Amino acid sequence: MKKLAAFDLDGTLSQSDRFLLPAYRKALTLTGRDPLPDSLLMTLIGGTAADNARVISPDGSMETYEEFNFHVVQAIRETIPGLARAYPGVEESLRELRRLGYKIYLCSNARREYTDLVLGQIGLLPLFDGTPEGRDGWDKPQLLAHILETERPGAAVMVGDRHFDRTAARENGVPFVGCLYGLFPAEVTGADAEVKSAGELPEAIERLTAL
């Protein structure tokens, strides 16, 4: 039976706050906007473009957000080389899942230019069977649906640390593994399995796909 594990990126595989928060601060300065507290900037990580635009601009202007995001992308290229880190145990868990026969896919709201850059920096890109990018207007449930339609696995699971990941799993009828070690542990309430470290992922995923 073909098995598939789909992973969120930021806060699940990558400790992305390490390089994103400095990039966000620099982009705010370059666009002439007032500083925002880190607690608010954290909500940008893994968020949708529409949600993030409302954080950056009171009127939710996509034009303003695109300008901000342009500078974020440029700043990331400066901050990521020295600051990018995978969570402890992630690489070992992905290798174990591959050994167990799983197809490994990324399911992220971010653009592929960003996701492949991050995965490459933390040494995980070769472990993925696919890192697809959603079409304009797609949300995470639609991207996961596309992955499942493409691969047609007999069993699948979604892994993440945000409510977007939980929603994607629920709308596609697959189990959800919530990462308590990630950036937003409060958002994974109701997960089919919760893991306190990335090293627990293979056992949790195997248990859910065996049901």
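## The cavity

A search of the whole structure finds 1 cavity of 30 Å³ or more. On a 1 Å grid over the protein atoms alone, a cavity is a set of points where a 1.4 Å probe fits but cannot get out. Points are joined across faces, edges and corners, and a volume is the space filled by probe spheres set on them. The largest cavity has a volume of about 30 Å³.

This is a predicted model: local features need pLDDT of at least 70, side-chain atom pairs count only at pLDDT 80 or more, and totals for chains, interfaces and linings use all residues. Residues are numbered from 1 along each chain as its sequence is written, and side-chain values use heavy atoms, leaving out hydrogens and water.

Which residues line the largest cavity? They are V73, I76, E113, Y114 and L117; a lining residue has an atom within 4 Å of a point. Helix 4 (62–83) and helix 6 (112–121) each supply at least two lining residues. Helix 6 gives the largest share, 3 residues. Helices are DSSP runs (H or I, at least four residues), numbered from the N terminus. By class, the lining has 4 nonpolar residues, no polar ones and 1 charged. Here Ala, Val, Leu, Ile, Met, Phe, Trp, Tyr, Cys and Pro count as nonpolar, Asp, Glu, Lys and Arg as charged, and the others, Gly among them, as polar.

## The largest pocket

The largest pocket holds about 850 Å³ of space. Its lining has 34 residues, and A49, Y65, N109, A110 and R111 are the closest to its centre. A pocket is an open set of points with protein on both sides within 12 Å along at least five of seven lines.

Helix 4 supplies the largest share of this lining, 8 residues. Helix 1 (17–30), helix 3 (49–56), helix 6 and helix 7 (140–151) are among those that supply at least two each. The pocket lining divides into 16 nonpolar, 9 polar and 9 charged residues.

## Helix 1 against helix 4

Helix 1 and helix 4 pack at an angle of about 140°, and their axes lie 8 Å apart. Axes are lines fitted to C-alpha atoms over the stretch in contact, and angles run from 0 to 180 degrees between N-to-C directions. Helix 1 is therefore oblique to helix 4; under 35 degrees is roughly parallel, over 145 roughly antiparallel, 65 to 115 roughly perpendicular, and the rest oblique.

Residues of helix 1, including F19 and Y24, meet residues of helix 4, including F68 and H71. Contact means heavy atoms within 4.5 Å. The residues of this contact divide into 14 nonpolar, 3 polar and 3 charged.
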